[in-house]
Amino acid sequence: MAWIERGLLSRLTRQNPVQFAWLRDAAAASPGIFWKLLFFGPLAGHRRAAPRVLINMARIGALRAQDCGACLQIGIDYALKEGTPRDVVQAALRSPEALPPHERMVLDYAQAVAGNRQDLPSLVEALRRELGAAVLAELAFAVATASLFPLAKRGLGVATACDPDAIRL
């Protein structure tokens, strides 16, 4: 591993040792993974048309559906850091019916995408009609990119099941 790669991974691991140790191990096992992952960041963070709160609802919904508690905690931490109101995040986790209509629709959509539910086509059409094609595209990629880490961790055997009561807000 190059010194800069070790430095970046060490910084991530220091910030959150439990959440990122698996990434350090994967990068050490297969050099180059971490560098290629850096190019993934701009896609995962892309947002032009969709309001930030909806992007965060999409990520939280996808992470919840993937059932990785550690990844869900990271998604919640980012949502709060990006200014998503704490009560909205709490409702997404504990009482989605209390969310405003668009947030609830996006959360349900994200869970449907991540879970490959049969009602997905009707949710896609409803979102396209309500929010437009550009927002739908950004939400679709927010769900897809959020799902990368739980799937990679599951494949490495280090994913932890989601326990909504263990999530810190």
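## Buried cysteines

A residue is termed buried when its relative accessible area is under 20%. In this predicted model, C68 has 0% relative accessibility and therefore counts as buried. C71, at 6% relative accessibility, is buried as well.

The structure contains 0 disulfides. C68 takes part in none, and its nearest cysteine sulfur, that of C71, lies 3.2 Å away. A disulfide requires cysteine sulfur atoms within 2.5 Å, so the 3.2 Å between the sulfur of C71 and that of C68 is too far for a bond.

In soluble globular proteins, nonpolar side chains tend to be buried together. Here the largest nonpolar core comprises 38 residues, of which I60, L72, Y109 and L139 touch the most other members. At least two residues of this core come from each of α4 (52–66), α5 (69–81), α6 (86–94), α7 (101–115), α8 (120–131) and α9 (133–156). The largest share, 8 residues, is supplied by α4.

Beyond its neighbours within four places in sequence, Y109 is in contact with L120, L123, V124, L127, L136, L139, A140 and V143. Another core, of 7 residues, lies apart from the largest one and includes F20, W22, F34 and I74.

## Helix α9

Helix α9 has 24 residues and reaches 35 Å from its first C-alpha to its last, close to the 34 Å expected at 1.5 Å a residue. At L148, α9 bends by about 30 degrees, and a proline, P150, follows within four residues.

The buried residues of α9 include V135, L136, L139 and V143, together with E138 and K153. After α9 comes G157, with a positive phi near 80 degrees.

How values were computed
Residues are numbered from 1 along each chain as its sequence is written. This is a predicted model: local features need pLDDT of at least 70, side-chain atom pairs count only at pLDDT 80 or more; totals for chains, interfaces and linings use all residues. Side-chain values use heavy atoms; hydrogens and water are left out. A nonpolar core is a set of buried Ala, Val, Leu, Ile, Met, Phe, Trp, Tyr and Cys residues joined through side-chain atoms within 4.5 Å. Buried means under 20% relative accessible area, exposed over 50%, partly exposed in between (1.4 Å probe, protein chains only). Contact means heavy atoms within 4.5 Å. The expected span of a helix is 1.5 Å times one less than its number of residues. The bend at a residue is the angle between axes fitted to the seven residues ending there and the seven starting there.
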